[in-house]
Amino acid sequence: MGTIVTAILAVLIIVGVAAVVLTVFGKEQARDSRGRVKSKPTSQQRAVTAARRRGGLPGWVRFVPFVLLAGAVVSLVLAVMQFTVDREEREATVMLAMDASNSMQQTDVAPSRLVAAEDAARAFVEELPEGYRVGVVTFAGSATERVAPVADRTSVADAFTGLATDRGTAIGDGLMLALDAIERDRAASGDRSAAVLLLSDGVDSGSATPPTVAAERARTLQVPVFTVVLGSAETGADPAVLDAIAEATGAESFTALSAAELTSVYETLGSELSTRLAIGGTGPLFVALGAFFAVAAGLVVLVTSRRD
């Protein structure tokens with residue numbers, strides 16, 4: 001998403017600079033037109049004009065902003081093309097870390113928090129691009145790896161069927177186990193992009209590794225951890241820990257108070273992860289290059305307009 005926002009800003013910069021360039025160019029054209037309909041310049045006026053031309057900028061400089069703007073547009077087109085290709089071909093790993101504590105049996109999110117989370121997770125997995133490998137970790141008093149990262153969606157969906165709950169909410173340990181799986185997957189399959197989607201409805205309790213330490217490890221590994229808080233503060237949910245994890249890893253945190261909201265959050269995350277993880281390495285470069293060309297065009301217009 002960050003790259004998309006940057007691209008939008010680059011487009012706005014280009015449009016703004018283009019408007020300035022066209023405005024300045026239009027004024028110059030109007031001025032030249034007025035000059036042509038006036039009386040024939042005197043010898044003194046011609047001498048002044050010649051002196052200005054000798055001390056001023058060459059005529060071709062007026063067209064430099066248009067060339068730079070063309071370069072900016074071409075750069076953005078190349079960025080979009082790069083994004084499209086990578087989204088179809090790029091592989092990535094997503095680990096789902098789900099709370100399986102006893103509080104997930106509460107029915108404030110119908111039919112229960114756990115069932116709603118299972119249903120939303122299955123739908124989320126089905127929407128991910130085919131090249132993505134998905135794994136599952138659950139945590140209560142301890143963390144358990146249910147499925148190592150695989151491309152087979154069936155085995156992942158089966159991991160969300162009939163989960164048993166237990167006491168405790170070891171959020172930190174669940175995140176650490178998800179990161180362990182990502183590191184093993186990277187060692188076997190290459191240094192691919194990865195992310196964690198962590199869902200919980202309570203406060204961390206019983207973790208051997210504090211959530212802040214796990215979040216710092218995720219940040220070091222460049223693995224964004226998107227978090228979802230299920231339920232409200234009145235029913236025991238506490239977003240503070242999950243918000244901190246998401247912020248520390250450059251991701252986002254969401255809250256869902258119903259099964260419909262949870263499904264909507266997972267749909268949003270599915271789209272966002274597909275975008276974030278699939279964006280190509282050269283895509284941001286072309287976006288930055290486009291913005292640079294646009295800014296350069298604006299600077300050239302300012303310099304030439306002042307010299308005139």
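Guide: The following conversation sets computed values against the definitions of the terms.

Guide: This is a predicted model, in which local features need pLDDT of at least 70 and side-chain atom pairs count only at pLDDT 80 or more, while totals for chains, interfaces and linings use all residues. Residues are numbered from 1 along each chain as its sequence is written, and side-chain values use heavy atoms, with hydrogens and water left out.

Visitor: Why are α6 and α7 called roughly parallel?

Guide: Helix α6 (residues 171-189) and helix α7 (residues 211-220) pack at an angle of about 20 degrees, with their axes 8 Å apart. Angles under 35 degrees count as roughly parallel, over 145 as roughly antiparallel, 65 to 115 as roughly perpendicular and the rest as oblique. The two helices, α6 and α7, are therefore roughly parallel to each other.

Visitor: Which residues of α6 and α7 meet?

Guide: From α6, G172, L175, M176, L179, D180 and E183 meet P211, A214, A215, R217 and A218 of α7; contact means heavy atoms within 4.5 Å. By class, this contact has seven nonpolar, one polar and three charged residues. Ala, Val, Leu, Ile, Met, Phe, Trp, Tyr, Cys and Pro count as nonpolar, Asp, Glu, Lys and Arg as charged, and the others, Gly among them, as polar.

Visitor: What makes the buried residues of α7 line one face of the helix?

Guide: The buried residues of α7 are P211, A214, A215, R217 and A218. Seen down the axis of α7, they fall within an arc of 160 degrees, so they line one face; the arc is that of the directions from the helix axis to the C-beta atoms. The face turned away from the buried side of α7 carries the exposed residues T212 and T220. Among the elements covering the buried residues of α7 are α6, β5 (225-230) and α8 (239-248).

Visitor: Why is Q222 called exposed?

Guide: Buried means under 20% relative accessible area, exposed over 50%, and partly exposed in between (1.4 Å probe, protein chains only). Q222 has a relative accessible area of 68%, and is therefore exposed. Q222 is found in the loop between α7 and β5, and its phi is near 60 degrees, a positive value in a residue other than glycine.

Visitor: What is the peptide bond from A110 to P111?

Guide: The bond from A110 to P111 is cis, with omega near -5 degrees. Most residues other than glycine have a negative phi, and most peptide bonds are trans.

Methods
Axes fitted to C-alpha atoms, helices over the stretch in contact; angles between N-to-C directions. Helix = DSSP H or I, 4+ residues; strand = E, 2+ residues; numbered from the N terminus.
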